[in-house]
Amino acid sequence: MFNEFAKDLNNNDISGTVFIYGDENYLIRWAVSEMIDKYAPFDERELKLVELYGDNIKASDIINAASTYSIVGGRRLVLVHNFMPLYNKADAATELALNKIIDFASSNQNSSILVFELGSEWNKGTTKFKKNLIKVAKTYKMSRLNRNTLRAFIIKRLKTSGKYMSKRDIEDLIDMTGYLNRDSEYSIDEMDKDLRKIVESTDDVNITVEDAVDIMTGDEDKFIFNLIDELMKNNNGKAFNMFLNILAKDKDASMGILSLLTSQFEMMYDSLELEKEGLSIKTMANKLSVNEFRLRKAYKSAKRFSNKRLMNILTQIYNIDRDIKIGDISADDAL
């Protein structure tokens, strides 16, 4: 929908009442900013831009602002931010007042462009006023991006910063964020922040997915990835020292490490089982409801073992967990 907005803005096809809402606050803010730049240029902004905020905005305030002509000619831009009746049910008296806004939005208004903007945190469910506004206003729903559009966003951000990332690494970065996963809460706002961190973390023009892993992966994930990597290489002494270092920082870390090991080895075992069905990594990740990047790493590690060996490891981990919980051994000694 943001492409449709950009097209309409470029073609001067925005007028009357506009409603901008959706899942991506980054795109909502971008759309509002573009409208301000176009319809309330900086040297006329004080006279052409009206912004209404807060829970105390009345329908009459909105209509009065939108009905007033600019003293410098042309239309004013009236922005209404997070109007409560868009996300909270109104009482009967307020509903009558809201009908006047709907009537105004349905008319040939030429005094202003009236814009209702609703952030994603308030875009939960619907109300009568929201339904009616969608019917009469020029509505743009800023939904989550698909893979192609997200890839283009990343490339543009990197190019603006003078950086480059290979196509394969960009795909891995997308998978690592989990943005495309069903029910993911990772947003474009977070993607933008992470890209800034990645760009600022290196002086090199070329950025790899490993650079992104260092910035974006949590300490626990980093630890378990590295621990298992060392175990795969038979670097048991190094792996043991990693465990001791973590334990020195947090005396209660053992059970957390056990949980992470269990999760990672279960993923490794499951990936080999699903491979027998001829499934792709992407399909495996969807079936297991896990991050595709994490599954790819787990699958790569799993390929160095047989299913039987992985099951033996898991059995040992399950037995350790049982022995700790029944008090036969301390968590530190068991690990």
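How many salt bridges does a search of the whole structure find? The search finds 21. The model on your screen is predicted.

**Stop 1: Asp-37 and Arg-45**

Side chains of opposite charge can pair when their charged atoms come close. Select Asp-37 and Arg-45, which form a salt bridge whose closest N and O atoms are 3.4 Å apart. Asp-37 has a relative accessible area of 46%, so it counts as partly exposed. Arg-45 is partly exposed as well, at 23% relative accessibility.

**Stop 2: Arg-151 and Glu-171**

Now select Arg-151 and Glu-171. Their side chains meet in a salt bridge, with 2.6 Å from N to O. This pair links distant parts of the chain, since Arg-151 belongs to helix H7 (residues 147–160) and Glu-171 to helix H8 (residues 167–177), 20 residues apart. Is Glu-171 buried or exposed? Glu-171 is buried, because its relative accessible area is 15% and buried means under 20%. Arg-151, at 25% relative accessibility, counts as partly exposed.

**Stop 3: Lys-282 and Glu-292**

Select Lys-282 and Glu-292 next. The closest N and O atoms of this salt bridge are 3.7 Å apart. Here too the pair links distant parts of the chain: Lys-282 is in helix H14 (residues 281–288) and Glu-292 is in helix H15, 10 residues apart. Lys-282 is partly exposed, with a relative accessible area of 41%, while Glu-292 is buried at 11% relative accessibility.

**Stop 4**

Centre the view on Arg-296, in helix H15 (residues 292–302). Which residues does Arg-296 touch, not counting those up to four places away in sequence? They are Arg-168, Asp-172, Asp-175 and Ile-281. At 24% relative accessibility, Arg-296 counts as partly exposed. To get a sense of scale, draw a line from the C-alpha of Arg-296 to the C-alpha of Ile-20: they are 38 Å apart in space and 276 residues apart in sequence.

**Stop 5: aromatic rings**

A pair of aromatic rings is described by the distance of the centres and the angle of the planes. The count of such pairs in this model comes to 10. Select Phe-19 and Tyr-21, a stacked pair with 4.6 Å from centre to centre and 5° between the planes. Phe-19 is buried, with a relative accessible area of 0%, and Tyr-21 counts as buried at 10% relative accessibility.

Compare Tyr-87 and Trp-122. Their rings form a tilted pair, with 6.3 Å from centre to centre and 45° between the planes. Where do the two residues lie? Tyr-87 is in the loop between strand E3 (76–81) and helix H5 (92–106), and Trp-122 is in the loop between strand E4 (112–117) and helix H6 (128–136). The pair links distant parts of the chain, 35 residues apart. Tyr-87 is buried, with a relative accessible area of 19%; Trp-122 has 30% and is partly exposed.

Then select Phe-2, Phe-5, Trp-30 and Tyr-140, which form one aromatic cluster. A ring can also have a charged neighbour: Arg-144 lies over the face of Tyr-179, at 3.9 Å from the ring centre.

**Stop 6: a nonpolar patch**

Switch to a surface view and select Leu-47, Ile-71 and Val-72. These residues form a nonpolar patch on the surface, with about 290 Å² of accessible area together. Leu-47 lies in helix H3 (residues 45–48) and, at 39% relative accessibility, counts as partly exposed.

**Stop 7: two loop residues**

Asn-12 has a positive phi of about 55° although it is not a glycine. Its place is in the loop between helix H1 (2–10) and strand E1 (17–22). With a relative accessible area of 54%, Asn-12 is exposed.

Ser-289 is not a glycine either, and its phi is positive, at about 55°. Look for Ser-289 in the loop between H14 and H15. Ser-289 is exposed, with a relative accessible area of 66%.

Methods
Residues are numbered from 1 along each chain as its sequence is written. This is a predicted model: local features need pLDDT of at least 70, side-chain atom pairs count only at pLDDT 80 or more; totals for chains, interfaces and linings use all residues. Side-chain values use heavy atoms; hydrogens and water are left out. Patches are made of residues with over 30% relative accessible area and no salt bridge: like charges are joined within 9 Å, nonpolar side chains (Val, Leu, Ile, Met, Phe, Trp, Tyr) within 5 Å. Accessible areas come from the Shrake-Rupley method with a 1.4 Å probe; for residues, only the protein chains shown count as cover. A salt bridge is a side-chain nitrogen of Lys or Arg within 4 Å of a carboxyl oxygen of Asp or Glu. Helices (H or I, at least four residues) and strands (E, at least two) are DSSP runs, numbered from the N terminus. Buried means under 20% relative accessible area, exposed over 50%, partly exposed in between (1.4 Å probe, protein chains only). Rings of Phe, Tyr and Trp (its six-membered ring) pair if their centres lie within 6.5 Å; planes under 30 degrees apart count as stacked, over 60 as edge-to-face and the rest as tilted. A charge sits over a ring if NZ of Lys or CZ of Arg is within 6 Å of the ring centre and within 35 degrees of the ring normal. Contact means heavy atoms within 4.5 Å.
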